[in-house]
Amino acid sequence: MKFEKILEEINGFGSFQLLLIVLLCSPRIVLPCHYLLNIFIATVPPHHCDLSDLSDLDDAAETLTNLSDAQRLTVSVPKHKDGTFKSCEMFAERQFQLLSNISNISADVSTVQCHSGWVYDNSSFSSTLATEWDLVCDRKSLRNTTGTIFFLGVMVGSIVFGFLCDKYGRKKTLLVSYVISMVFSLSSAFANSYVMFAVLRFLTGFGMTGIGINSLVLSIEWVDADHRSFIGVIGSLSWSVGNMMLAGFAFLVNDWRTLVMVVTAPLGLAVLTWWWIPESARWLLANGKVETAQFYLDRCAKFNKRAKVNVETLCNKEDLETQDKNYTYLHLIKTPKIRKISVIIGIVWFGVAATYYGISLNIGGLGLNVYLTHFIYAAIEVPAKLMIYCLLDIIGRRKCQSGTLLLTGTCIAINILVPRDLWIIRSVVAILGKGLSEAAFTTVFLYTSELYPTVVRQNALGYANFVSRVGVSVAPLVLLLDDVWTPLPQIVLCCVAVSSGLASLLLPETLKARLPQTIDDIEEERGRNIVSSHAADSSAVFLEPKSEEDS
């Protein structure tokens, strides 16, 4: 008896699954809050050199004391061409002639770097990483480095948790992810040095990736084939909700330490509700833990008010031979079909991530404050995900994946050609492109989960997440190419989107296909098992293409 038949008997999408979705998707709102947290905690407010130390001004000290703050700035700090004060320089000698409305200063007037620190405008942010440790001017690169360090933790976590989840189970490693993320994130809010904060952010990213890949796969493995696309989209919508909530949290809490604690707090509830979350029955059966699988399936049947089903028939001699086998990342490239899928999936994940973050980092503002702009950019992802939900079960995963990437590349290409003075058209196209890139992200999570067998599914997602973080890391570097030629970053992103979209056409379709259990299910089957709601028997039905001899 196939596992999908078991789910059909106990209801593959009942109250049990709905509660599981709530328990697993609710903590996922924390992910965008941390992945995009640097936008707010590392922001640099307007600042200028600190002029409070007058000990080295000698004869000018008394004169400066009698001036207003605005006048002291005028004679002490040079201005940009637009009239704003420079942030990192001050005059070597005070230019008192500027008080007489003399706007032009000789080009040979010497300036020096700020030597007594900086004064920050705290009207929008009472405290940020930049104001806490003076990450400005010659130290400004350290501000963005914290984000890079966080994603390095995500990359390492993708590999580690992908292996641990397939070896020790989804539920145990999910708890480890919750605890690691919560402990190190809360600890980072009390960091008293930049180095300590960076180390704790690395460890936070390490734990966060376990939440991401674990919660999605655990949800998908407990539902029937007809509702897997629903699970994928709901999990993705939790990202959008968390992204919008981040804008609200940041607006209400303008101290970076408090903000870190606020966005981490939901993990406390996740730890408390973890005990009810079931282990994946698919993983248990694939690893020979039949009694434990029977326990969770009985619980599911009772919760869904269905009769219990004996799962002993799931285990045959062939299954028993593979139960004690340990699977590693090497199994993603050992056999031909899995190797082909792994290579193509890596290309697709890299393209999806690089394109999404490239657009997100480069999209023009709407002339609004940072909170409202962030909220709008998060909100536009919702209709894109609802659209892809409708299409996934109509045209299939492969066409959705390829179509969203190709259309994203088309939007980027259009903006390369549209003149900059037509900013309304450019903004609409950019927003459409961002929505399509998010739809591609939603699709690739679900698609990857369905392509790989249970025994290496988490390893595969770990590998895919690792490749995607390489794409995330590359995106900011691509944007720096505008120093070489202004349209070059957009041309590169367009090529990446189109190339990965075309590559995805080489993947097999998984619409209505049963989830494979073992690598042999992929390698030995020439087709995929199509789950039909009106199937009369429990035997596998494979779509075998006819050979010339059969015809």
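1. Let's start with Lys305, found in the loop that links helix 15 (290–303) to helix 16 (317–323); helices here are DSSP runs of H or I with at least four residues, numbered from the N terminus. This is a predicted model, in which local features need pLDDT of at least 70, side-chain atom pairs count only at pLDDT 80 or more, and totals for chains, interfaces and linings use all residues. Residues are numbered from 1 along each chain as its sequence is written, and side-chain values use heavy atoms, with hydrogens and water left out.

2. Lys305 is not a glycine, yet its phi is positive, at about 60 degrees. Most residues other than glycine have a negative phi. Lys305 counts as exposed because its relative accessibility is 76% (exposed is over 50% relative accessible area, buried under 20%, partly exposed in between, with a 1.4 Å probe and protein chains only).

3. Lys512 is another residue to look at: its phi is positive too, near 65 degrees, and it is not a glycine. Lys512 sits in the loop between helix 23 (488–504) and helix 24 (519–523). With a relative accessible area of 27%, Lys512 is partly exposed.

4. Now for a helix pair. Helix 9 (residues 170–188) packs against helix 12 (residues 256–264) at an angle of about 165 degrees, their axes 8 Å apart; axes are lines fitted to C-alpha atoms over the stretch in contact, and angles run from 0 to 180 degrees between N-to-C directions. The two helices are therefore roughly antiparallel, a term for angles over 145 degrees.

Key
Parallel < 35°, antiparallel > 145°, perpendicular 65-115°, else oblique.
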